[in-house]
Amino acid sequence: MGKFFLKRILTAIVQIFVVVSIVFFSLQIMPGDPVLMMLSRDGSAVDQEAYDALEAELGLDQPVMTQYTSWLAGLVHGDLGKSYGENRPVVDAIGDRLPRTLELAVVALVLACIIGIPLGIISAVRRGGILDLLLTLISSLGNSVPVFVLGYILVLIFSLNMEMLPSSGFVPLARGLENHVLRLILPSVTLAFGVAASVLRMTRSSMLESLGSESVRPLRAKGLSKSKVYLKHVMRNMLIPVVTIIGLQLGNLIAGTVLCEAVFNWPGIATLLVDAINNRDYPLIQGCMLVLSAIFILTNMVVDLLYGLLDPRAR
Amino acid sequence: MKMKKLLSIALSLALSLGLLAGCGGGGSQSSGSQATSGSLETAQPADGTVDTLLVGTSVEPSTLDPHIHSNVSTRFLLQNIYRGLVGYNLDGEIQCEVADSYVISDDNLTYTFTLKDNVTFHDGTPVTAEDVKYSFDRIMADDSTATYKSYFTGAGTTVNVVDDKTVEFVLAEPCAPFLEYLSLPESAIISKAWMEAGNDIATSAMGCGPYQFVSWDRGLQIDVQGYDGYYKEGLPKTKNVSFIFYLDETTRNNALLTGEVDLIDYVSATAVTQFEGNSDVSVYSRQGAFMMLEFNCEEGSPFADYRVRQAVAYAIDREAVIETAFNGRGEALYGFPTIAGQQGYNGEFDNYFSRDLDKAKELLAEAGYPDGFSCNILSTSDYSFHEQTALVVQSSLAEIGIEVTADLPDWATRIERSNTGDYDMIVCGTIGKILDMDWATIFYQSGEVRMDASPYFADEEIDSLLYQGRTTLDETAREEIYQQFRERALEMSPLVFICYREQAFVSGNYVQNFDFLSGSLSQQAGICLEQVVVNEH
C-alpha cells in the first residue's frame, strides 16, 4: 500500500518536472520578445541602447542553460522568479489570482452538481419519457455550446436586455459582498452549464447501471419500498463514478476558465496566463503553467489514490 | 504568507456556499441592485455630479515608468499623474505646465526655464530645478530604457541647475523641435528624493499632475485620486478615477452599455458605427494613426528598387482597405501624411499617387519584373484591421502579378520580426510622435534596422534634408526644406501610405468635457481628464 502511494507521488513529481521543462524550452523557441513588448507594445521604434539596458536588467542576455539552471535552483527553494511586467515575485502574482479562479471553479462545480445530479436521477428514473428526452437534448447542448457563446448570450439576456445583473467585472470582497456576488453569478452559471451536462449524463448512466444491477433487483423482490431502494442502495452505488467525474472535472474547470474569464473580465489565473503569453512574460508563463499543471496532475493523483483505497484491484 | 493564501481560499469557499444558499432560497437579494453600475463608493455630491469616473481601458500597463512610451492606453493613464515642464493644451498649442516661463537664447542653444512657485509633488514637496535635472539625466543615462532618450542625447543636451527654481538646457546644436520633445508626456518630471528613497517607479507612481496614484490591483484596476495641491486652481473636477482593465473588446463595449464603466478607449470602427445610433452614449472619434507599408530594401530584394515600391503605391486599392478593415471609416492617403495647412504645407502632394494598375505594371517592367515576383507580407491576426489590410494589399498586388503570401502571427511575434526586419513587406499602423515635421526623421533616416522605418533604406538626400530641417530655425526656410523632403520621400517611397484610421473613445452621455485632438495629439488624450465632469446618472 505504502509503495503504491510513493510510486504515484513520485510519478506526479516527475510529470510536473517534465511539463515545466517542456514549457521552459518551448518558450525559448517561441518567437516574440519580452523586452520589445515592454518598451513598445504599440510597435514604435525602440532605442537600441534602451533595449540592451532592459535585456540585461531582465537577465535575458544570459545563455539559455544558465537561465534554466538558475530557474530550477529557484524552484527548489519555492522561488518561481520575478515577473517582468509586474516587477514582483511570480508567487505573489499567482497568489493574488489563483483564489479568484478557484472561487469561480468551485462555485461552478457546486452549481453543476446541484443541477446535474438530481436531473440525472430524474432522467434515469423516467427513462424513455419526454422529460428524459428533453434533458438528454439539453445536456448534449450543454456539452457542445462553447463557453463564450453561452456567456455572451447570458450577458445579452440578463445584462443588456433585462438589466438584472452586471455584464462583467470583479469586485474584491473587501469592497462589498453584494457587488462581489452579483458579478459572480453570470460567469459561474456559464461555466457550470457544460459541467452540469457531463454530471447529468454520468449520473443518468450510472444510475441506470445500478438500477439494473444484480444487487438491487432482489431488494425490491424482498419487499423494500421503491424510494428506500433508490435512496439507500441505488444512490450509494451510483455515486462512486459520479464523484470520480466531479474530481476530474475540477482540474478541467481550472484550466478551462480561460474563455469564461475573458468574456466576463474575471481577473483569475487564466487571464493572467493569457496576458503573460501576449507579453512574453517568461517567468510568469512558467509559473502559471507550473501551478495549472500541478493542479491537474495532483487532482488526477488524488483520484487515483482514492481508487486505490476503495478498490484494491486498481493498485 | 501561506496562511493568507489558505485564508483567501477558505473565504472563497465559504462565499460559494453563501451564494448557493442564496440561489436555493430564491435569490431575492439580486433584484433591483443593478443601478450600482460598478461605482463602489456611490457618494454623490449635492451639485448633481458623481465623484468617480470609471474608465474601461484596453491594456493593463506592463510598467508605470513615465519615461517609457509602451502604448497609448498606459500613456493615457500616466498623463493624469505626471506633468512635464511644458505640454500641449486642447487647442494643440504648447503651454507652460511645471515651468512658469522660459527664455531661448539668441543662438538657440540655451533654453532657460523658471519653475512655477506653487508646483508640488504628491508628497507635498516642491518641484525644484534639481528634480528637473534628475529627470532628464535619468532619461539620458547610459543604462536608461527611456523611449525618447535619443531625442535628447542626439541634440547633445546637458541640463544645468541655475538655482532652486531655474534650470537650463544647453544643446550642442540648434534643434527646432526641442520644445516639442519637452512636451512629450514621456518628458515627465519625477521626484529625485522619492526615487532615491528606493521607490519602484515601474509599479508605483509619484508626480506633480492632477491625480495621485492610490493603488494598482493587479489584473483589475488602477485607482487615482485628485491631488489637492495641484497647481491649477479648481482642477481636477472629478475626485476619483479608476482605470479598470477590460482587455476583451466586446466585453469592454458591453461594460459601457451596462454602466459598469463610464468611458472606454480603443473602440473599433465597427463598434463606433453601432454606438453612433445610441443616444445613451457619446462617441468621440478623431482622425488618428495612419496605415502604411514598410519594405525590406536589402540589396537583392525587388523592393530595393524604388520603382517597385512606387508600383505597389499605384496598385493598392485604398478604398477597399477602408471598406473592409475600417468599416468605411477612414480617409485614403495618396500622398504624404501631412494635412494641408500644417507647417506651411499647401496640399500639393495629396494626390501624388492614384489607383493606376497600368502605371504600376509599367513601373514593374522598368524595374525588370514584367511578370511580377513573389514575396511575403507580415501582419497579425490579433488585430482584425491589420489582418484585413494585409489581405486587401495581397489581392491588390495579385492584379499586377506580385504574388503575396500573408504571414499572420500573433502580435508579439509580429513586433519582434518587425524589429529585426524579418519580412518583405509589413503592415504598420503608426503615427508621428511629435507634431513638427521632424517626426519623419525616425521613419526615413538611414541607420539601424528598426520599427517605424524600412530596413536597409538609405538615401543621402533625405538624410541631409531631415538634418537641415531639424537644425534650421527659420520657419520659411524650414517649410521649403520639408517641401523638398516630402517630394523626395514620395519619389523614393520607402513607406507607402494607405489611409488614416480613427481613434475613438465612447462614454456615457452623462460624461462632460471629455475631448481630445486629432492626428499626433490623438495619442495624448489623457490631458483632458482633469476637466472631465461626471453627471448623476
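Two strands count as paired if DSSP finds at least two bridges between them. The model is predicted, and in it Q512(B) stands opposite V533(B), a residue of β20(B). Strand β20, residues 533-535 of chain B, pairs with β19(B) in the antiparallel sense over 2 bridges.

These strands belong to an open sheet of 3 strands in chain B, ordered β1-β20-β19, with antiparallel pairing. In chain B, β1 (49-50) and β19 (511-512) stand at the edges; each has a single partner strand, so one side of each is left without a neighbour in the sheet.

The chain as a whole contains 16 helices and 20 strands. Why does the radius of gyration of chain B agree with a compact globule? For 537 residues, such a globule would have a radius near 24 Å, and chain B has 25 Å, which agrees. Along the principal axes, the C-alpha atoms of chain B fill a box of roughly 80 × 65 × 45 Å.

| Property of chain B | Value |
|---|---|
| Residues that count as buried | 58% of 537 residues |
| Contacts with a separation of 6 or more that join residues 24 or more positions apart | 70% of these contacts |
| Share of the accessible surface belonging to carbon and sulfur atoms | 47% of about 20,000 Å² |

Concerning charge, chain B carries 33 positive and 79 negative charges. The mean positions of the positive and the negative charges of chain B are 4 Å apart.

Conventions
Residues are numbered from 1 along each chain as its sequence is written. Chains are lettered from A and ligands numbered from 1 in the order in which they are written. This is a predicted model: local features need pLDDT of at least 70, side-chain atom pairs count only at pLDDT 80 or more; totals for chains, interfaces and linings use all residues. Side-chain values use heavy atoms; hydrogens and water are left out. Helices (H or I, at least four residues) and strands (E, at least two) are DSSP runs, numbered from the N terminus. The radius of gyration is taken over C-alpha atoms; the globule rule is 2.2 Å times the number of residues to the power 0.38. Buried means under 20% relative accessible area, exposed over 50%, partly exposed in between (1.4 Å probe, protein chains only). Contact means heavy atoms within 4.5 Å. Accessible areas come from the Shrake-Rupley method with a 1.4 Å probe; for residues, only the protein chains shown count as cover. Lys and Arg count as positive and Asp and Glu as negative; His and the chain ends are not counted. The place of a charge is taken as NZ of Lys, CZ of Arg, CG of Asp or CD of Glu.
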